[in-house]
Amino acid sequence: MKELKPGHKRLAVVLAGVIMLISVRAQATGGSIEIYKQNPAYWQYKGKPVLLIGGTVDDNLFQIPNLKEHLDLLKSVGGNYVRNTMSARDEGNVWQFKNVNGKYDLDKWNGEYWQRFENFLKLTRERDIIVQIEVWAFHDFNMNHWKNNPWRPSNTVSYNTSNTSLKDSYGNIGKKKHDFFFTVPKLNNDRVVLSYQQKFVDKMLSYTLSHNHVLYCITNEIHPQYSPEWGWYWSKYIKDKAAAVGRQVETTEMYWEIDLKKEQQRASLDHPEIYSYFEASQNSAKRGQENWDNLQFVYKYLAEKQRPINHTKIYGADSCPWEKSTTRHASECFWRNILGGSASSRFHRPPYGMGLGKKAQAHIKSMCLLTAELDIFNAVPDSGSRLLSNRSVNEAYLSYIPRKQYAVYFPNGGSVDLDLSEATGQYDMKWLDIAQSKWGEQQVVRGGRKVTLCAPGSGHRAALLTQETSLYENENANRIRPYLKNPRYWQYKSEPVLLLGGSKDDSLFQIPDLKEHLDILAGVGGNYIRNTMSSRNTKGFEVYPFKRLPNGKYDLNQWNDEYWNRFQNLLKWTAERDIIVQIEVWDRFDYTDMKGPWKGPQWKPHPFNPANNTNYTEAESGLATVYMQHPGQDKQPFFHTVPEMDNNQVVLRYQKRFVDKLLSCSLKYGNVLYCMNNETSTSTKWGQFWMGYIRRKAAEAGVDVYVTDMFDVGWELETEEKFLLSFDRPDIYTFLDISQNNAMKNSVLGHWNNIQFVRNRIAGHPRPINNTKIYGSDERQLSRYHQRVFQRRGTAAAENSFWLNIIGGCASARFHRPPAGIGLSKKTQANIRSMRMITDKMNVFTCTPSNSLLSDRQDNEAYCLANPGTEYAVYFPKGGEVTLDIGAMTKPATVRWLDIMKSKWSGPERIKGKSKITLTCPSQGYWAVLVR
């Protein structure tokens, strides 16, 4: 076959440069259409989840003359989603190539075609309308259309039938193969035609990659006799081109097969590494209950590796020549798609679909009305209509958030019973008249029983039941959550709360004197502990979560009641004392045989080790029986099991079971935060999977929880990519933990600057910043390595970090367990007690770090937290003297000194008529001063 011409190679180089430039512009705008991180069954755009709904008069929409008006109409009724085939076969269309003397030159472009396309992209972007492009318009190559197609050898000067695999005549390409779709290397490898196909795709990408609102579908309903290698090649080609300029794009393929269970559809279903979303449009050829059941097959099939399910076209209109493909059928499909868990739903163009006619507009408006009140992104379809009884086939369909919201769609009126026996409280219920896009009157129904829903008339109707706002809000307001008035802090039981703590162990639920230890903490004003779910035997009293059989092996399907009873006691006793528990689900030091401060080996006796359980072998699980490396080397595949990594379903099954058991204990308690790992060094995909998993499980239980991950190398917060990702993704990391900033590898100034960097970085989406462990203790025997790399060390460093964290604007600070920290020692108790004495007298939740108000200050001499004009707290690590600007105060100031180690106030000093005051510590050592 013919090689690329030199001119083509030069063009490729130029194109790469052009795309690089426009990619910079695209990245600058931010907020691409991408898979929703919190629930990958949906899309997000500009950082927010988005449901895609639409309908249009044509498919190759960029070719229509009244494009702007049509897009305005779509937008006006709430639509945000169009399909665009790159087709040119209809009357009034223009082809992409230049016609020279009656023949097309595939090396030259028709400017009009590309100008129309560019205009289309611009107009849709301006209206926040998502475009799903179909790169290859399959039917442009069928029989009579092929006769006029520029790609036909007789119609082009660029090649002929002698140097390509193409013929001048083809029959029905739905029944017989067309060589155009076999050019890729693993098929016919027709390098001549392929070079021009690549040129066309490159040209298209030179426009689209500068936009953030584009999805890619390779072909329009390609038939089963065509190899999936065609679509696989182009998906990889497009993704690689995007990646080369720093972009990530999402691709799929639309197969002809209308039965989603058939083999052709598996070429997409089974290949998430190739197609990042699934196109289910052909399912609209199925009617009624079968349409729903097929969609639910796909929804459940993708459950382990969720992806958006799109429907870029819904067949059906009274004008449609196909039997039974009516307007009613299309309308039902539109609603079943969304309530069935799909990410998009769009009416096909006339005459085969409803387009954007009056009825389509009504359905789009009504869907917007429903989803404006239904949290669709946290809802799940009742796939088997388990909660609906007295239901006829195709009578009603349900999507719901357990205990919170229930949406029931009736295609044509009717009456069903909705089981609310597990949903207590009262629900506001109202009916939506879909044809009129109008809500009816609201009424109240009581949960805890079955409720009969009787549609108020025939036609398309929907009922929405929402748990009374006061009950839902009160339940979640009483749980630990970001403070509504200042989300940089927490609130608990509806009141803002600062989290302070220290404890003598990490897996605190395992210690025998737990209740007494919690009493000491609460007695000095502490209200915050860390709890790793660890079982490593370092003190002799720890137990594993799984049952050990008489043969000495563990059964991962059976629990050790002692472990879980201990955990339940921790949750109960902390809740009774208003102590917040930050759980770390996975502790990497439990899964290594390397010796270290965590003792060792720990993996060798662990129940998850294939040598120690009856549930899987080394070969089945992919887990070795020995791992001698430090966990930081990330050589332990236990932390790679999730679908986005190794997809190790054998082990993942038991990991999920463990997390489910944990949640069955913890979700009923409102004093729990969730951190996925103890200083993980593995891919962020691991933690993100578990964060999403836990949040979905919590939503099913009707509660809100807050999740994060703890990364290694926290002293490099300004450069470490994992931390930067967490700062920039509030939708995934709903609070932050920067404990490693307390690891003493950076200086005191570096510690403070890191906190301020994070606060500034998240200013657009403020969240609590936690410090669940502060390193430093005189008890710790430092190795030569640590003596060399630690810029700070010892008890003094830990105490200093504790105060810098709170004065620096963090939401929590807790001393690490001995010997790496000072635990709940006497010095810890003094620091917590003194911090609480300060924060009980000032409203820290309205204050900000304010070192700019200090002058005559040396590095690390003093740190200020203030609400200028109202109150100021200044912390001195080693005594000293600074000047504080209180010019914003309009009344006399009172100054009180606090001796931190003695937890004792000095008498108040009254100051009047000064805009600046000199603060001189009474002596050396730890001091704080409150000015208000």
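Strands here are DSSP runs of E of at least two residues, numbered from the N terminus. All views show a predicted model.

**View 1. The pairing of strand 27 with strand 30.** Strand 30 spans residues 580-587 and runs parallel to strand 27. Five bridges join the two. Thr532 stands opposite Glu584 of strand 30.

**View 2. Helix 13 crossing helix 15.** Two packed helices are described by the angle between their axes and the distance between the axes. Helix 13 is formed by residues 561-576. The axes of helix 13 and helix 15 come within 10 Å. They cross at roughly 40 degrees, and the crossing is right-handed. Helix 13 brings Tyr563, Trp564, Phe567, Gln568 and Leu571 to the contact. Helix 15 brings Phe658, Lys661, Leu662, Cys665 and Ser666. By class, the residues of this contact are seven nonpolar, two polar and one charged.

**View 3. The largest cavity.** Rolling a probe the size of a water molecule over the atoms shows where empty space is left. A search of the whole structure finds seven cavities of 30 Å³ or more. The largest cavity holds about 140 Å³ of space. Its lining has 15 residues. Arg588, Pro631, Asp634, Gln636 and Phe639 are the closest to the centre of this cavity. The lining divides into four nonpolar, eight polar and three charged residues.

**View 4. The second largest cavity.** About 90 Å³ of space lies in this cavity. Its lining has 14 residues. Met533, Asp590, Tyr591, His606 and Phe658 lie nearest the centre. Phe658 of helix 15 is also one of the residues in the contact with helix 13. Which strand gives the most to the lining of the second largest cavity? Strand 30 does, with three residues. By class, this lining has nine nonpolar, three polar and two charged residues.

Definitions and conventions
Residues are numbered from 1 along each chain as its sequence is written. This is a predicted model: local features need pLDDT of at least 70, side-chain atom pairs count only at pLDDT 80 or more; totals for chains, interfaces and linings use all residues. Side-chain values use heavy atoms; hydrogens and water are left out. Two strands pair if DSSP finds at least two bridges between them. Helices (H or I, at least four residues) and strands (E, at least two) are DSSP runs, numbered from the N terminus. On a 1 Å grid over the protein atoms alone, a cavity is a set of points where a 1.4 Å probe fits but cannot get out, and a pocket is an open set with protein on both sides within 12 Å along at least five of seven lines; lining residues have an atom within 4 Å of a point. Grid points are joined across faces, edges and corners, and a volume is the space filled by probe spheres set on the points. Ala, Val, Leu, Ile, Met, Phe, Trp, Tyr, Cys and Pro count as nonpolar, Asp, Glu, Lys and Arg as charged, and the others, Gly among them, as polar. Axes are lines fitted to C-alpha atoms, for helices over the stretch in contact, and angles run from 0 to 180 degrees between N-to-C directions. A crossing is left-handed if the near helix is turned anticlockwise from the far one by less than a right angle, and right-handed if clockwise. Contact means heavy atoms within 4.5 Å.
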